[in-house]
Each structure stands twice: as structure tokens, then as C-alpha cells.
Amino acid sequence: MPHRFFHFVSSLKLTLICLCVSIVLVFLGTLAQRDLDAFYAQKKFFNTCFVWWTPHGKNWSVPVFPGGYLLGGVLLVNLLTAHAVRFKLAWKKTGIILTHAGLILLLVGGLYTSLWSRDTRMTIAQGSTVAYTESFKDFELAIIDKSNPDYDTVVAIPESLVEQQKSIENSALPFTVKPLQYFPNAQMAMRPPGAAPQLADKGMGQRIDVEPLPLTTKPEEENYPAAFVKLDTPNGPLGTWLLWAAPFGEALPPQEVTVDGKRYELQLRLKRYYKPYQIHLNHLTHEIYAGTDIPKNFASQVRLSDPGRSENRDVLIYMNHPLRYHGETFYQYQTLGTDDKYSVFEVVKNSSWWLPYLSCILVFGGLVVQFGMHLVKFMGRRMA
């Protein structure tokens with residue numbers, strides 16, 4: 001029985017099955033992007049062991065198809081066991097060994113990129129300086145100590161903890177944070193005259209109500225979460241605030257509280273990643289094709305400042321010409337606002353970016369060696 005199992009795991013038949021199923025998975029994942037944002041399509045079909053199906057109106061799911069992680073893992077095991085069971089180290093197998101090593105490296109690199117790469121964005125107004133990037137989809141509850149005129153002290157609470165509605169304590173805060181309700185997607189509306197207030201008794205929630213919305217996974221649509229957050233001290237409650245991660249361009253009144261003479265600002269916002277360097281946007285150019293609204297070129301003239309590395313230089317970032325710095329790559333992504341006052345960069349951090357190139361070199365070299373050896377042998381026989 002173990003012999004049959006290892007024979008099947010190392011067989012070419014299993015390789016062909018995985019490749020055929022992978023083709024179907026790629027087709028389904030591509031087709032799904034008509035209705036799903038690329039982020040959700042990748043998460044549903046490729047960054048998972050199984051593709052799950054949820055019946056309409058139900059809160060349970062069942063696996064209906066193998067996902068990218070499972071297929072990649074099976075292919076990796078298949079290649080490794082094939083070498084362990086059938087192949088022996090020999091010069092005539094050099095091409096096959098190199099080719100398989102490239103494929104193994106490609107699978108491992110894909111898994112590493114999926115788990116540990118980071119894709120964020122940086123939005124800068126002309127004439128402004130930014131030292132952080134933001135997630136595209138993940139949010140956080142930020143409590144900012146504004147009492148020091150030289151810098152802010154930020155306590156960031158992940159969205160997952162806010163969603164669990166558990167009390168949160170931090171030594172940097174003189175109060176306890178208690179999320180009362182969390183809405184993954186919501187919009188704000190003015191409270192009708194005479195209507196009863198919701199949970200908030202401080203800030204904008206005293207006159208504005210939250211309207212929950214279903215989560216959206218459609219392209220060009222975003223989720224904007226909201227939460228009711230209560231602050232407590234040993235001397236009693238400070239109140240309850242309504243927080244909302246507003247869409248770009250919708251200004252909200254600051255949600256503030258003062259405790260022991262210190263002013264704190266409450267924000268529900270996209271998760272931020274602070275950097276040891278700064279990007280200042282000097283000038284933004286947005287060119288379109290004549291007579292159309294089709295973008296021809298986005299270009300941002302920025303100043304990169306990093307005192308720790310003695311960097312202070314001007315850089316031009318435009319389409320297909322990114323800035324690479326500190327292990328990150330800045331791509332010109334889009335412009336925002338009236339009169340294109342904001343430039344948006346897609347910032348990618350992927351320390352395994354070189355693995356696909358090395359994998360392709362190994363596969364190409366292995367094929368050249370393998371077919372070259374056969375060609376030399378064939379030519380020798382023909383000459384004989």
C-alpha cells in the first residue's frame with residue numbers, strides 16, 4: 001500500500017491532473033473578475049486551499065473546487081517525490097534536474113510572494129509630504145495623541161480586534177477602548193427630525209446616523225466600515241463615538257476627546273505603514289490623448305528625503321518607470337481630486353521578486369541542456 005501511494009504521488013499522471021485542474025482554476029478565477037474585484041478573486045480562487053461556495057442567505061460554506069495553495073502544494077510534493085523515487089544524479093539527467101529545480105523554485109517563490117509580499121498605496125497632495133503608505137483593503141482604529149506640537153503618538157488597533165468587540169487596553173492610553181458595534185460597510189445619513197439617537201452621545205454621532213450596507217466585492221466599489229466606540233476610565237465613561245472610514249474627498253469633523261489635559265483624535269481609517277523616509281510631491285502631470293479622456297501619461301516629480309541614509313534627491317516617477325527604494329517599488333498608479341491635485345502611488349514590497357527570473361533561467365537552461373545533449377547524440381549517430 002505505501003508503495004502504491006508513493007508511486008501515484010510521484011507519477012506523471014498526477015502531474016497532468018494538477019495541470020489540467022490548474023487550467024480550469026485559472027479560467028474560473030479570470031471569469032469571476034467580471035463580478036469580483038481582483039483582490040477578492042485572487043483571495044477566493046488562488047490564495048486558498050479550496051474554493052468555497054456559500055448558498056444565498058446562509059452563513060455556512062462548502063468546498064467545491066481545489067484552490068491555488070492546494071494545487072501548488074500537490075505539484076511541489078509531486079516533483080520532490082518524483083526525484084526521490086525515480087531520478088538518480090547523473091550527467092545525462094542534468095537538463096531534467098535543472099528544469100525541475102526551476103519549477104520547484106517557481107512554486108516556492110509564488111507561495112512566499114502570496115504570504116509575505118505587501119501591496120499598499122501612497123496618496124500625496126501637491127506640495128505635501130507623506131511618510132506612510134496605506135493598505136488597499138484593511139482598516140484600523142487609530143487613537144492619536146495630539147498633545148505634543150512636534151509629533152503625534154499613534155495607537156493603532158487592527159480591524160479584527162474592533163470586529164470582535166472586546167475591550168482593548170494600552171499603556172499609552174489613559175482609557176479603555178470598547179467597540180460596541182462594527183459595520184464592515186456603511187454610509188452616513190443625517191438623522192431625521194424627532195428620530196431617536198443611536199448609540200453615540202459624543203461627536204458627529206449626536207446628529208448623524210449610520211446605515212449598514214452589505215459587503216461589496218465588485219470592481220470599482222469599496223467598503224467603508226463604521227463603528228460605535230465607547231471610552232472608559234477608572235473614574236467613569238467618557239462617552240461613545242461614531243467612527244466612519246469616509247471615502248476619499250468626504251471630509252468629516254474630527255472625533256476628539258480630552259483626558260488629563262491631552263487631546264486625542266479618534267479615526268477609523270485604512271491601515272498605515274510608517275516609513276523611515278519621506279516623499280514630497282513637487283509637481284504632478286496628467287496628460288490625455290487629444291479629444292478623449294483616456295490617460296496618456298501620469299508623471300510625478302517628487303523629492304525623496306531619508307536622513308538616516310543621507311538621501312535628498314529629486315525623482316521623476318511616471319508610467320512604467322517606477323522608483324525603487326528601501327526594498328519597495330513605487331509605481332505611478334492614478335491621480336485623484338479636482339484638477340488632479342493628488343498623486344497616488346502603488347507601493348509594492350516583495351523581497352522574492354527575483355525568484356521568478358531565476359526560475360525561468362533554470363528552466364530555460366535545463367531545456368537547452370537536455371535538448372542539446374539529445375541533439376549532440378543524434379548528430380553523432382548520424383555522422384556514424
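Which residues have the most contacts inside the largest nonpolar core? In this predicted model, local features need pLDDT of at least 70 and side-chain atom pairs count only at pLDDT 80 or more, whereas totals for chains, interfaces and linings use all residues. Residues are numbered from 1 along each chain as its sequence is written, and side-chain values use heavy atoms, with hydrogens and water left out.

The residues in question are Leu 141, Ile 143, Phe 175, Val 177 and Leu 231, within a core of 23 residues. A nonpolar core is a set of buried Ala, Val, Leu, Ile, Met, Phe, Trp, Tyr and Cys residues joined through side-chain atoms within 4.5 Å; buried means under 20% relative accessible area (1.4 Å probe, protein chains only). Among the elements giving two or more residues to this core are strands E4 (129–145), E6 (176–183) and E12 (262–288); strands are DSSP runs of E, at least two residues, and helices runs of H or I, at least four, numbered from the N terminus. The largest share, four residues, comes from E12. A second, separate core of 16 residues includes Met 122, Ile 124, Leu 284 and Val 347.

Attention now turns to the helices. Helix H4 (residues 68–85) has 18 residues, and its buried residues include Leu 71, Leu 75, Leu 79 and His 83. The axes of H4 and helix H5 (residues 94–116), lines fitted to C-alpha atoms over the stretch in contact, come within 10 Å and cross at roughly 150°. The angle, taken between N-to-C directions from 0 to 180 degrees, makes H4 roughly antiparallel to H5, a term for angles over 145 degrees. Where they meet (heavy atoms within 4.5 Å), H4 contributes residues including Leu 75, Leu 79 and His 83, and H5 residues including Ile 104, Leu 107 and Leu 111.

Conventions:
Buried < 20%, exposed > 50% of the residue type's maximum accessible area, 1.4 Å probe, protein only. Expected span 1.5 Å × (residues − 1). Parallel < 35°, antiparallel > 145°, perpendicular 65-115°, else oblique.
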